[in-house]
Amino acid sequence: MIKLVKAGLLALLLPLAATAAPTEYEEGVHYDVVSERASKKPEVKEFFSFYCPACNNYEALLADVKPKLDKTVEFKKSHVDFVGVRDTENQQMISQALATAEVLPQKDALIAAMFNHIHTKRAKFNELADVKDVFVAQGVDGDKFDKIYKSFSVRTMASKMKRDQGYYKEKGALRGVPTFIVNGKYKLNLGRETGITAPEDISKLINYLAAK
């Protein structure tokens with residue numbers, strides 16, 4: 001089933017036969033410089049929302065991108081609160097839930113379960129108890145969830161997501177999701193127009209920018 005989802009997603013993203021993946025990358029075409037500052041270490045950050053259907057679809061593609069990244073490049077997720085389907089407070093709760101998942105060994109399974117809760121089960125996160133139920137179903141102790149969710153480090157991480165969101169929105173780089181920023185400085189331009197759609201090509205562009 002997962003292979004079928006990946007195949008379907010790639011079919012939608014692949015360029016026309018006449019469009020080949022680029023062998024050289026051009027600023028303003030394949031990527032944009034969106035900030036003067038850069039991260040201290042190589043990274044690619046995905047700004048996304050659990051409520052976003054396109055972000056949910058991208059999960060299968062990213063599963064093929066991540067193994068192709070250079071070992072020095074860290075992949076990060078940053079949840080936004082402007083998707084619009086729920087109020088800001090609700091979406092910030094989900095951001096803090098992501099921050100909670102980030103410090104748990106079940107991180108990948110928890111992220112997948114949260115997407116599944118919304119897009120496959122068609123269920124809702126109306127309150128924190130709904131989020132907690134998903135975490136507990138993935139083997140997280142309920143008391144441990146409460147402690148980590150309320151911890152200073154997790155609240156700080158969620159606050160940073162909000163600050164980063166504001167920073168890149170102000171720069172005009174974050175108008176929708178998913179959006180990918182490399183080294184805090186370069187925004188990827190993916191799709192048929194640039195010829196960068198396949199996991200191999202996406203990872204090559206990320207590795208190129210991460211090394212700049």
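Student: What makes α2 a kinked helix, and where is the kink centred?
Tutor: α2 bends by about 35°, centred on Glu59. The bend at a residue is the angle between two fitted axes, one for the seven residues ending there and one for the seven starting there. Keep in mind that this is a predicted model, in which local features need pLDDT of at least 70, side-chain atom pairs count only at pLDDT 80 or more, and totals for chains, interfaces and linings use all residues. Residues are numbered from 1 along each chain as its sequence is written, and side-chain values use heavy atoms, with hydrogens and water left out.

Student: What does the same test give for α3?
Tutor: Helix α3 (residues 88-102) has 15 residues. It reaches 21 Å from first C-alpha to last, close to the expected 21 Å.

Student: Why is α3 called largely enclosed?
Tutor: Buried means under 20% relative accessible area, exposed means over 50%, and partly exposed lies in between (1.4 Å probe, protein chains only). In α3, 11 of the 15 residues are buried, so the rest of the structure largely encloses this helix. Among them are Asn90, Met93, Ile94 and Leu98.

Student: What covers those buried residues of α3?
Tutor: The cover includes β2 (43-48), β3 (74-79), α4 (107-119), α5 (128-137), α6 (142-149) and α7 (152-170). Contact here means heavy atoms within 4.5 Å. α3 also lies across β2 and β3, at about 155° to β3. Such angles run from 0 to 180 degrees between N-to-C directions, with axes fitted to C-alpha atoms, for helices over the stretch in contact.

Student: Why is Phe125 called buried?
Tutor: Its relative accessible area is 0%, so Phe125 counts as buried. Phe125 sits in the loop between α4 and α5. Leaving out residues up to four places away in sequence, Phe125 touches residues including Asn90, Met93, Ile94, Met114 and Val134. Phe125 and Ile94 are 31 residues apart in sequence, yet 8.3 Å apart in space, C-alpha to C-alpha.

Student: Which label do Arg122 and Ala129 get, and why?
Tutor: Arg122 has 67% relative accessibility, so it counts as exposed. Arg122 is also in the loop between α4 and α5. Ala129, in helix α5, has 37% relative accessibility and therefore counts as partly exposed.

Student: What makes β4 and β5 a pair?
Tutor: Two strands pair if DSSP finds at least two bridges between them. Strand β4 (residues 179-182) and strand β5 (residues 186-188) are joined by 2 bridges and run antiparallel. Ile181 has Lys187 as its bridge partner, and Val182 has Tyr186. β2 and β4 are also antiparallel, over 4 bridges.

Student: What is the strand order of the whole sheet?
Tutor: The open sheet has 5 strands in the order β1-β5-β4-β2-β3, with mixed pairing. β1 (31-33) and β3 are the edge strands, since each pairs on one side only. On average, neighbouring strands are turned by 25° against each other, direction ignored.

Student: How do you know that both faces of β4 are covered?
Tutor: Thr179 and Ile181 point to one side, Phe180 and Val182 to the other, and all are buried.

Methods
Expected span 1.5 Å × (residues − 1).
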